Amino acid sequence: MKNNNGYTPSTKTIAAISTPQAPGGIGIVRISGPQAKEIAGKVFLSRHGKTLEEINGYTALYGRVHDGETDIDEAIALNFTAPASFTGEDVVELSCHGGLYIMRRVLKAVFAAGAVPAGPGEFTRRAFLNGKIGLTEAESIMQIISAQGEQAAKAALAGHDGALEKKIIRIRGMLIEAAAHLSAWADYPEDDIPEVNPEILETTLLTVKSEIETLLRQFDAGRAIREGVATVIAGRPNVGKSTLMNLLAGCERSIVTEYAGTTRDIVEDTVILGDVPLCLSDTAGIHITNDPVEKIGVDRARGKLREAQLVLAVFDSSQELNEEDRELISAIRDSSAIAVVNKSDLPPAIDIKYIKKHFQQIVYISALSGDGLQEMRDAVAEVLRTSELNPADGILFTERQRDDARRAGDCVREALTAVESGVTLDAVTVSIEGAVSALLELTGERASEAVVDSVFSHFCVGK
Ligand code: GDP
């Protein structure tokens, strides 16, 4: 029999260790499915002889886990009765002592009693199939598990609360309303339906387009916060790249000397600046050189510059700009770059007008004293647009979600072109329906089995 969500509930009862595969204070074996209580009852004996069937959901029993012959461990059996559980099925969680050996013996006993091993993400998958959570929420659970920084965790939590889903449903609602009005008018033109007002239609489509564009833009900012940004510190020798890197890393990391060209190798480090993890590489400058070792460094620096998501172009404010500085400026023309005008503690000699002409973001800093670090944080947030990211807002988390949002955006643009060029309203309806369908896939309400499989294949066993 199908459930409300249109899926057939599984008849199998699954089990896995749901805590990390490492020693810990306690470890949990989770059992979910129609026989959860019966199977748990075969391996768990409560101290006072009560069974899991006798107790209410959300209550626990204290007792022992055994494998039929010997006791394995003391345990608490926590009881959840369908549908009031994470998966929507009967669930029993056996909390034991955290040793891996013990956990594995308990799991083995649970399998011997009739459960089958849970696949990757299968608990969360069942929660989705039983209508307990949406697809985007399932994806954000995965993000919560792997979130690195505070901001990333907040965003993932917001996703878990359904912020993205709510936003998508709202956007979709506007489209559905427009499409419904269009079809009603096309089907019953003689009836009392007000004529389609192209201006109102256009306004709706423009609003939707702009909301989708914001979502897509924030995807990159969200990714920056989650995964870190490949950042290159570039500049000619002696401008203070290594000193800046050390300042950011908060420790002596690369070799700092007073002789030009000492940083031949690329040194890497990850620092969190504001909310954003930066994966920093300190490079050799890109100067013309005949030294074969330096040449390798310069070529590698150019390669790094091309790949970088963010370039911190460092200049020495106490010196005039030279050919090498200009070469760097021209090499990063198309990059997201911040001009870091260093050594602000020394009397200025730099042509700041030239810098202003080529960079939108300029920060004055003394890498030696740390003055200007806050301005640098702000500039990074500005360039990567992380400052406009409110984690409580719905944001796109995964490439899958982004692709669906893009498709919806393309359809809305098509619809707009159709409205503007005055072609038949049928064409507009078709495009709007395309957008609605892409958004239905985004939330998982119309996702194919292959999509669902692929989402859950990224989870680990036990989740
Ligand atoms: P790199 O070759 O670009 O990596 O430059 P370094 O970090 O090795 O710095 C070159 C020299 O400039 C060192 O003597 C640093 O102490 C000095 N330096 C770096 N930043 C500053 C700064 O903000 N103010 C002053 N006065 N000196 C600095």
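How many bridges join strand 2 to strand 6, and in which sense do the two strands run? There are 7 bridges between strand 2 and strand 6, and the two strands run antiparallel.

## Model and confidence

This is a predicted model, in which local features need pLDDT of at least 70 and side-chain atom pairs count only at pLDDT 80 or more, whereas totals for chains, interfaces and linings use all residues. Residues are numbered from 1 along each chain as its sequence is written.

The mean pLDDT of the protein chain is 84, with 87% of its residues at 70 or more; pLDDT is the predictor's confidence in each residue, on a scale from 0 to 100. The model scores are ipTM 0.99 and pTM 0.63.

## Overall composition

The protein chain holds 15 helices and 13 strands, where helices (H or I, at least four residues) and strands (E, at least two) are DSSP runs numbered from the N terminus. Of its 463 residues, 42% are buried; a residue is buried if 20 or more other C-beta atoms lie within 10 Å of its own, exposed if 12 or fewer, and partly exposed in between, with C-beta atoms placed from the backbone. Among contacts between residues at least 6 apart in sequence, 66% join residues at least 24 apart.

An open sheet of mixed pairing is formed by 7 strands in the order 3-4-5-6-2-1-7, two strands being paired if DSSP finds at least two bridges between them. Strand 3 and strand 7 (116-117) stand at its edges with a single partner strand each, so one side of each has no neighbour in the sheet.

Strand 6 has 6 of its 7 residues buried, so it is largely enclosed by the rest of the structure. In its antiparallel pairing with strand 2, Ile-28 stands opposite Ser-95 of strand 6, and His-97 of strand 6 is the bridge partner of Ile-26. Strand 5 also pairs with strand 6 in the antiparallel sense, over 5 bridges, and Ala-77 stands opposite Leu-94 in strand 6.

## Helix 2 and its surroundings

Helix 2 (residues 100-112) has 13 residues and reaches 18 Å from its first C-alpha to its last, close to the 18 Å expected at 1.5 Å a residue; the expected span is 1.5 Å times one less than the number of residues. Its buried residues are Met-103, Val-106, Leu-107, Ala-109 and Val-110. Seen down the axis of helix 2, these buried residues fall within an arc of 160 degrees, so they line one face of the helix, the arc being that of the directions from the helix axis to the C-beta atoms.

What covers the buried residues of helix 2 includes helix 1 (36-43) and several strands, among them strand 2 (26-32), strand 5 (71-80) and strand 6 (91-97). Just after helix 2, Gly-114 takes a positive phi of about 125 degrees.

## Backbone details in loops

The peptide bond from Ala-82 to Pro-83 is cis, with omega near 0 degrees, and Pro-83 lies in the loop between strand 5 and strand 6.

Tyr-58, although not a glycine, has a positive phi of about 60 degrees; Tyr-58 is found in the loop between strand 3 (44-46) and strand 4 and is exposed, with 11 other C-beta atoms within 10 Å. Lys-343, likewise a residue other than glycine, has a positive phi near 65 degrees. Lys-343 is found in the loop between strand 12 (337-342) and helix 11 (352-358), and counts as buried because it has 25 C-beta neighbours inside 10 Å.

## Buried helix positions and the UniProt record

Thr-136 is found in helix 4 (residues 135-146) and counts as buried, with 26 C-beta neighbours inside 10 Å. The C-alpha atoms of Thr-136 and Gly-162 are separated by 7.5 Å, although these residues are 26 apart along the chain.

An unreviewed UniProt entry lists Ser-242 and Thr-263 under "binding site"; UniProt positions are given in the numbering used here, feature names are shortened, and annotations may be inferred rather than shown by experiment. In the model, Ser-242 lies in helix 8 (residues 241-249) and is buried, with 23 other C-beta atoms within 10 Å.

Notes
Two residues are in contact if their C-beta atoms, placed from the backbone, lie within 7 Å.
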